[in-house]
Amino acid sequence: MARVYNFSAGPSCLPEEVLNACAAEMMDYNGTGQSVMEMSHRSKAYEPIIQDAEAMVRKLMNVPDNYKVLFVQGGGSTQFAMVAENLGIHTGKAAYIETGVWAKKAAAEAKKLGVDVDIIASSKDKNYSYIPKVEKIEGNYDYAYICFNNTIMGTHYEYIPDTGKIPLVADISSCVLSEPLDVSKFGLLFAGAQKNLAPAGVTLVIIREDLICEPEACRAGTPTMLCYKTHADNDSMYNTPPCYTIYVLGKVLHWIEANGGAEGMLKRNKEKADYLYNYLDNNEGNFYHATTEVGSRSLMNVPFLTKYSTGATDEASVAKEKEINDKFVKEAAAAGLVNLKGHRLVGGMRASIYNAMTLDGVKALVEFMKKFAKENA
């Protein structure tokens, strides 16, 4: 069967060059006679793999020397707790900007753990279809928290808030290495790997060293595994790390480097996103429209609705909208364009066009959209 174009929000498609390289080494990595899946994480064969992955993160993201690069488990959702337990320890207060599901869940988790959460801005008034403009954050906060790219809502920060001496924390799970990012403007960055870096199973954390506290300084009751110092002091190998996922991550990082680094990814991603947004904004008969406001649009996640998504709640309108959406997703899949169903909170469809998605894939989607619109107008 031919490869499909996978528009999943995560886990997402990986570069074919990386998949082929991993397949070639599946049975015998580097002359060891074994797969990386089978290796001890403390073996001489595996040690260079995790060291190379860290070195490549530092190189591609220009990570300053006073930051630690960690590979942990538990996904971005565990970071919601780790951030609160490790950073919310002085005033016990934190500022959150609420821009969708993940920022909202992060704030709720921090509050659950005893942090005094202050929602300083929110885009809830327009179903999170834009990023609030909060250029400066002031106050007696232990940290400020943002979700830099919102996978579900398709929004993205076009600026970095000025927080002064307040450490800025950002969830960059769905935009990591899709563009250059000044790490020095943040106290902590984290990214679940399954969108732009690797298969699911590892989370990248980049944390400024002065924010790594002793375990006894964390919030009361914090488990050993949820202390950043546990991982920092043990080179991310306090326990068995997700060895194979880190191996694939290293391969993806080398692929990014070979394709121009973060700057090359930005050029690639902007070309894809511009192609899709241009069609959404100018399609004949306005059959489709993007859900996010200009100035807040993600290069990674593009939700869109049809003209049948009127917002009406009467039974006939709801049924028609569901019918057309289901038909679009089904026929798109038959055409080799998979995982386009939109999230229930937005509706319609969503095309996630992460680093590994090609321009050919986006062009194939637009051609299908034109055909579908003509047949269903």
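**Entry 1: Met61 and the cores**

I began at Met61 and listed its contacts, skipping neighbours within four places in sequence: Ile172, Val176, Leu177, Leu181, Val183, Leu204 and Ile206. Before going on, I noted that this is a predicted model. Next I looked up the largest nonpolar core, which has 64 residues. Met61 turned up again there: together with Phe71, Ile172 and Ile206, Met61 touches the most other members. Which helix gives this core its largest share? I found that helix α6, residues 243-258, supplies ten residues. Apart from this core lies another one, of 30 residues, and I jotted down Cys13, Tyr277, Met357 and Leu365 as being among them. A reminder to myself: in soluble globular proteins, nonpolar side chains tend to be buried together.

**Entry 2: the seven-stranded sheet**

Then I traced the mixed sheet. I read its order as β2-β10-β9-β8-β5-β3-β4, seven strands in an open arrangement. The edges are β2 (67-72) and β4 (116-122), each of which pairs on one side only. From one strand to the next, I got an average twist of 20°.

I checked what packs on this sheet. Helix α3, residues 75-87, touches β2, β5, β8, β9 (188-192) and β10 (203-208), and its direction makes about 160° with that of β9. Helix α4, residues 101-112, packs on the sheet too, touching β3, β4, β5 and β8. For α4 the angle I noted is about 160° with the direction of β3.

**Entry 3**

On to the pairing. β5 and β8 (168-171) run parallel, with four bridges between them, and I found Val169 of β8 as the bridge partner of Tyr145. β3 (93-98) also pairs with β5 in the parallel sense, over three bridges. Here Ala95 stands opposite Ala144 of β5. I followed β3 to β4 as well, where the pairing is parallel over six bridges, and noted Asp116 in β4 as the bridge partner of Lys93.

**Entry 4: the three-stranded sheet**

I looked up the antiparallel sheet next, an open one with the order β11-β12-β14. β11 (288-290) and β14 (349-352) each have a single partner strand, so one side of each is left without a neighbour in the sheet. Neighbouring strands here are turned by 30° against each other on average, direction ignored. β12, residues 301-306, pairs with β14 in the antiparallel sense over four bridges. Within that pair, I noted Arg350 of β14 as the bridge partner of Pro303.

**Entry 5: Asn376**

My last stop was Asn376, which sits in helix α9, residues 359-376. Why does Asn376 count as buried? I had the relative accessibility at 9%, and the cut-off for buried is under 20%. Which side chain does Asn376 meet in a polar contact? I found Lys327, with 2.8 Å between the joined side chains. Leaving out neighbours within four places in sequence, I listed Phe287, Tyr308, Ile324 and Lys327 as the contacts of Asn376.

Note on methods
Residues are numbered from 1 along each chain as its sequence is written. This is a predicted model: local features need pLDDT of at least 70, side-chain atom pairs count only at pLDDT 80 or more; totals for chains, interfaces and linings use all residues. Side-chain values use heavy atoms; hydrogens and water are left out. Two strands pair if DSSP finds at least two bridges between them. Helices (H or I, at least four residues) and strands (E, at least two) are DSSP runs, numbered from the N terminus. Axes are lines fitted to C-alpha atoms, for helices over the stretch in contact, and angles run from 0 to 180 degrees between N-to-C directions. Contact means heavy atoms within 4.5 Å. Buried means under 20% relative accessible area, exposed over 50%, partly exposed in between (1.4 Å probe, protein chains only). A polar contact is a pair of N or O atoms within 3.5 Å; within protein, one must be able to donate a hydrogen and the other to accept it, and residues adjacent in sequence count only if both atoms are side-chain atoms. A nonpolar core is a set of buried Ala, Val, Leu, Ile, Met, Phe, Trp, Tyr and Cys residues joined through side-chain atoms within 4.5 Å.
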